Every structure is written in structure tokens, then in C-alpha cells.
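Hi,

Here's the structure I said I'd pass along.

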Amino acid sequence: MTSLTIKDNLNQVIAQCAQVSIAAGRKPEDVQLIVVSKTFDAEVILPTLQDGHRVFGENKVQEAKAKWPALKEQFNDVELHLIGPLQSNKTAEAVALFDVIHTVDREKIAKTLAKEMKAQDKYPALLVQVNTGLEPQKSGLEPHEVVAFVKMCREKYNLDIKGLMCIPPADENPGPHFALLKKIAQQLEMPILSIGMSSDYRIAIELGATHVRVGSAIFGSRLIK
Ligand SMILES: *Cc1c(COP(=O)(O)O)cnc(C)c1O
């Protein structure tokens, strides 16, 4: 895809987000578009930065570490979101590189994050991933585990969990999954709801998304996952 098309796609998604927000009685500035740049090289991402976009999502720590430090030197106000699973041996690098981590999903990660954040005196915002579809191949807590897990993170590790993230099953209506996640977030008085991807970000905004994660609608389809 040419850079012109990528810019057009980005502007279209931004316009859609604003339009759907307004139609749903929400303020466009209350919905943050995360441009998901996983698998795409710096030169493909660059036009979106030159166009003024600053908020990006990556799903692998190593890949992000290979491309973002150089880009951040040129665009120092970039906000980077980790949206893929985190291994505890990558926690230090993740804390150093990311501003928001969407995928806290077990005590070992919570414990390692708490330790690393203190050691680096750097405090990315943390979200808990929920496997609303109970899919064995997906990470995330089961919905019924979330309240106790978040309380444990808060009380035992002093972690300020700011919200929840989910990826509904690909072949299901995402609406009920988003609604369930919102209900749990409200119960825990959390401000952030990270829901919605290329195929369903409009529904997600209607159902209360504060962050949508959009990749292929902007960059085209990925050759690898
Ligand atoms: C890849 C990915 C996205 C973006 O998916 P698209 O369908 O390309 O918009 C969103 N969220 C997560 C967690 C992802 O891994």
C-alpha cells in the first residue's frame, strides 16, 4: 500500500471514530485511536507520524524494541501501547519502552511489573486482559476472576490497574463481549476500556470504548501475524 493510501485510510478511520462518537452522544476526544503497527516496518509507519499521529500499538516487545527507539528520537511525544502477551523475562524492556500495557493477566506478571516499575521509576498505565470468549488459545483472565485479580494487584502489589482489554472471538457478535467488559470495568471503577479492532471499532465506540486498536483498516492486511 502506498503512503498516500495509508494516510487516507488513517484519516478515514479518525473521521469514522469522531462520527460514531458524536452519533452515540460521546465526545470524539474521549475515544483514543491506537494505530496498530505490528509487522510493519518503520518506513511504512513513518507517513502516519508525519501526518501527526502519535499513539501506536505493538504486540511484541522485541519487535517494538527494534523499530521504535529510532522513531521516538524523531518524534519524542509518541505514546506506545503493548497489546500483545507479556512474558515475565521481557517485563523490564516493556516497562522501559511502553506507556500503556494492556495485557496484565497473571500474578507473576503483576509482581514483576511492580518490581520493575519501582526499579526504573517509570510507571506505564496498566490494563488487565480478559478472555471474554473463554478461548483456550487466547490469553487473559476469565471474566469471573477479574475482580479478585484486580483487587490483588491493587492491595498486594500497589498497582493502579486503570482498565480492561478484550479480543472477542472472531466469529461472534462482539457486542455482548464488549458489554460484559464494560460492566466489570464499571464495577471496579476503572476509566479505560480497550475494545474494538478494524472490524468492530464502531460498535466498540457505541458501547463505551475509550481506546480502539486499529491495524489492517489503516495499513492493509498483514502477511504474518
Ligand atoms: C493485531 C491486533 C489488533 C489490530 O487488529 P486489526 O484487525 O488489524 O485492526 C488489535 N488488538 C490486538 C490485541 C491485536 O493483536
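Let's start with a cysteine: Cys153 has a relative accessibility of 0% and so counts as buried (buried is under 20% relative accessible area, exposed is over 50%, and partly exposed lies in between, with a 1.4 Å probe and protein chains only).

Before you read on, a word on the basis: this is a predicted model, where local features need pLDDT of at least 70, side-chain atom pairs count only at pLDDT 80 or more, and totals for chains, interfaces and linings use all residues. Residues are numbered from 1 along each chain as its sequence is written, and side-chain values use heavy atoms, with hydrogens and water left out.

Back to the cysteines. Searching the whole structure turned up zero disulfides, a disulfide being a pair of cysteine sulfur atoms within 2.5 Å. For Cys153, the nearest cysteine sulfur belongs to Cys166 and is 18 Å away. Cys17 is in no disulfide either, and its nearest cysteine sulfur, again that of Cys166, is 17 Å away. Cys17 is buried as well, at 6% relative accessible area.

The axes of α5 (residues 107-120) and α6 (residues 146-157) come within 11 Å and cross at roughly 30°. Helices here are DSSP runs of H or I with at least four residues, strands are runs of E with at least two, and both are numbered from the N terminus. Axes are lines fitted to C-alpha atoms, for helices over the stretch in contact, and angles run from 0 to 180 degrees between N-to-C directions. The two helices are therefore roughly parallel to each other (under 35 degrees; over 145 is roughly antiparallel, 65 to 115 roughly perpendicular, and the rest oblique).

Who makes the contact (heavy atoms within 4.5 Å)? From α5 it's Glu107, Ala110, Lys111 and Ala114, and from α6 it's Phe149, Met152, Cys153, Lys156 and Tyr157. By class that gives six nonpolar, no polar and three charged residues; Ala, Val, Leu, Ile, Met, Phe, Trp, Tyr, Cys and Pro count as nonpolar, Asp, Glu, Lys and Arg as charged, and the others, Gly among them, as polar.

Asp121 isn't a glycine, yet its phi is positive, near 50°. Asp121 sits in the loop between α5 and β5 (125-130) and is exposed, at 59% relative accessible area. Leu134 has a positive phi too, about 50°; its place is the loop between β5 and α6, and Leu134 is exposed at 51%.

Cheers

Note on methods: Contact means heavy atoms within 4.5 Å.
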